[in-house]
Amino acid sequence: MLHSALYEATREVARLPLPDVEFILERMLPQDRVRIAHALETDWEARARKKQRLPGGAWRFCVFLAGRGWGKTLTGAQAVRQAADSGQHVWISICGQTVSTLGRDMLSGSTGILSISPRWFYPDHQVTRGQL
């Protein structure tokens, strides 16, 4: 939840005129400026295409049937990260065709969960135990 508040605050600052943004950033501590910059880089809600956003309402499963390059892995990784960040989910399952592709693409790939996770919310993973 704290991370969601950081994203909301970052979006608010990004909407301001440039002189106001500069004024705010000049008065921040360096480590806070780094957090804001990293939040801008990792804010999926601000960058996702409309079709990549999760559906509203109550649902338990979500499937994206799309072609190569659509962003299925990135969308799934962001959905897992958002679910974990919300604090509402104790267990989150991810399924892949094989254990190898799951680890190579969905976890460690360029758009996998480990690659897109912000530094302040990096998952604790134990590859040998198959846990994230």
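In which helix does T75 lie? I began my notebook with this residue, and I keep in mind throughout that the model I am reading is a predicted one.

**Entry 1: T75**

I looked up the position of T75 and found that T75 lies in helix α5. I then checked its accessibility: T75 counts as buried because its relative accessibility is 1%, and the cut-off for buried is under 20%. Leaving aside residues up to four places away in sequence, I noted that T75 touches W44, Q52, F64 and W70. I also looked at T75 together with S100, which is 25 residues apart from T75 along the chain, and the C-alpha atoms of the two are separated by 20 Å.

**Entry 2: the nonpolar core**

Next I asked which residues make up the largest nonpolar core. I listed 10 residues, namely W44, A48, L74, A77, V80, L102, L107, I113, L114 and I116. Three helices each supply at least two residues of this core, and I wrote them down as α5 (72–86), α6 (99–107) and α7 (113–116).

**Entry 3: the largest pocket**

I turned to the open space and recorded that the largest pocket has a volume of about 1,200 Å³. Which elements give two or more residues to its lining? I found that these are α5 and α6, and that α5 provides the largest share, with 9 residues. The lining holds 32 residues in total, and C62, G76, V80, S93 and I94 are those that lie nearest the centre of the pocket. Sorting the lining by class, I noted 16 nonpolar, 13 polar and 3 charged residues.

**Entry 4: salt bridges**

How many salt bridges does the structure hold? I noted 5 salt bridges, and I followed several of them residue by residue.

I started with R11, which forms a salt bridge with E8, where the closest N and O atoms are 2.5 Å apart. Both R11 and E8 lie in helix α1 (residues 2–15), and they are 3 residues apart, about one turn of the helix. R11 is buried because its relative accessible area is 17%, whereas E8 is partly exposed because its relative accessible area is 43%.

I then looked at E26 and R27, which form a salt bridge with their closest N and O atoms 3.5 Å apart. E26 counts as exposed because its relative accessible area is 59%, and R27 is likewise exposed, with a relative accessible area of 54%, the cut-off being over 50%.

Another salt bridge joins the side chains of R104 and D105, at 3.2 Å from N to O. I recorded R104 as partly exposed at 49% relative accessibility, and D105 as partly exposed at 31%.

Conventions
Residues are numbered from 1 along each chain as its sequence is written. This is a predicted model: local features need pLDDT of at least 70, side-chain atom pairs count only at pLDDT 80 or more; totals for chains, interfaces and linings use all residues. Side-chain values use heavy atoms; hydrogens and water are left out. A nonpolar core is a set of buried Ala, Val, Leu, Ile, Met, Phe, Trp, Tyr and Cys residues joined through side-chain atoms within 4.5 Å. Buried means under 20% relative accessible area, exposed over 50%, partly exposed in between (1.4 Å probe, protein chains only). Helices (H or I, at least four residues) and strands (E, at least two) are DSSP runs, numbered from the N terminus. On a 1 Å grid over the protein atoms alone, a cavity is a set of points where a 1.4 Å probe fits but cannot get out, and a pocket is an open set with protein on both sides within 12 Å along at least five of seven lines; lining residues have an atom within 4 Å of a point. Grid points are joined across faces, edges and corners, and a volume is the space filled by probe spheres set on the points. Ala, Val, Leu, Ile, Met, Phe, Trp, Tyr, Cys and Pro count as nonpolar, Asp, Glu, Lys and Arg as charged, and the others, Gly among them, as polar. Contact means heavy atoms within 4.5 Å. A salt bridge is a side-chain nitrogen of Lys or Arg within 4 Å of a carboxyl oxygen of Asp or Glu.
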